[in-house]
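This report describes selected features of the structure shown below.

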Amino acid sequence: MTAILITGAAGFLGQHLAQHFADKAERLVLSDIKPLPEEPAGAERVQADLGDKQAVLEMAREVDAILHFGGLPVEYPFEEILHANLRGSYHVFEAARASGARVIFASSNHAIGYYERSQRLDVADPPMPDGFYGLSKAYVELLARTYWMKHGVESASLRIGSALPEPRDARNLSTWFALPDMMAMIEACLAAQPLGCRLLWGASANSRGWWGRDDRDGLDLPPFDDAERFAAALEAKVTDDPVNERYQGGSFASDGYDRAE
Ligand code: 15L
């Protein structure tokens, strides 16, 4: 494969990505604001803030792909989201423009978290973010489209549900993204000629899934897993919060919710 930069490489998914691509990439650059783990050996390491434009431009020099998993992974106050997720992602797309790299962006289901669980979504349905974090994901999906239209920067935004080794509760029966499925989707996006600008549901083929059509036509994907085999153990694992249970975003949707109804 090619030269790959992973942002957020010290995070849970970033570490899985680093291990997965260690022997597949010709060159692997790992970046995070936090100290980076010593594994895998042989990778280049850059401890930097995505808010530092020069640092991001420098770490992305001569890479072919950026797996952009950096930034804040859950809800935070607006100013912190602004710095890490909005400004940081702008720097990543500027770096991709400068180096000619394609971007695989870890978007999130929280870009559409205020759709009700009874609804079935097409990727073309308008975003319905459930907080500042979800808003930042919707913004970067649009940033990706602008950089494609204006500068020809190729990208895939993966609206990740719940990327976990195994589903943990009833909601995850709909949102689970098995880690091997995530790796397969990223590999397919790295291999696609052309990739263009795609928006994809980052979820396994869950029988109880909420998400339908997306931009995966032409991607070489294997059959995906299904969380259904965990249903007997998990379907009673629900919360006692009606707002959480009503919306696809779950606890992110109920966090700070103070509507009257
Ligand atoms: C996310 O976007 C978070 O990063 C992750 O921690 C999970 O909460 C996930 O969404 C989810 O909705 O399950």
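## Basis and strand 2

Strands are DSSP runs of E with at least two residues, numbered from the N terminus. The model is predicted. Strand 2 covers residues 27–32 and includes Val29.

Val29 has a relative accessibility of 2% and therefore counts as buried, the cut-off for that class being under 20%. Beyond its neighbours within four places in sequence, Val29 is in contact with Ile4, Leu5, Ile6, Glu44, Val46, Met59 and Val63. Between the C-alpha atoms of Val29 and Ala98 the separation is 17 Å, and these residues are 69 apart along the chain.

## Ligand surroundings

Around the ligand are Pro73, Ser108, Asn109, His110, Tyr133, Gly161, Ser162, Arg171 and Phe252. Pro73 places a polar backbone atom 2.6 Å from an oxygen atom of the ligand. The ligand taken alone exposes 320 Å², of which the protein buries 69%.

## Nonpolar surface patch

Phe78, Phe132 and Leu135 make a nonpolar surface patch of about 270 Å². Phe132 belongs to helix 4, which spans residues 132–151.

How is Phe132 classed by relative accessibility? The value is 38%, so Phe132 counts as partly exposed; that class lies between the limits of under 20% for buried and over 50% for exposed.

Terms used
Residues numbered from 1 in each chain as written. Predicted model: local features only at pLDDT ≥ 70, side-chain atom pairs only at ≥ 80, totals over all residues. Heavy atoms only, no water. Patch = residues over 30% accessible without salt bridge, like charges linked within 9 Å, V, L, I, M, F, W, Y side chains within 5 Å. Areas by Shrake-Rupley, 256 points an atom, 1.4 Å probe, with all protein chains shown as cover. Salt bridge = Lys/Arg side-chain N within 4 Å of Asp/Glu carboxyl O. Helix = DSSP H or I, 4+ residues; strand = E, 2+ residues; numbered from the N terminus. Buried < 20%, exposed > 50% of the residue type's maximum accessible area, 1.4 Å probe, protein only. Near = heavy atom within 4 Å. Polar contact = N/O pair within 3.5 Å; in protein donor to acceptor, adjacent residues only side chain to side chain. Contact = heavy atoms within 4.5 Å.
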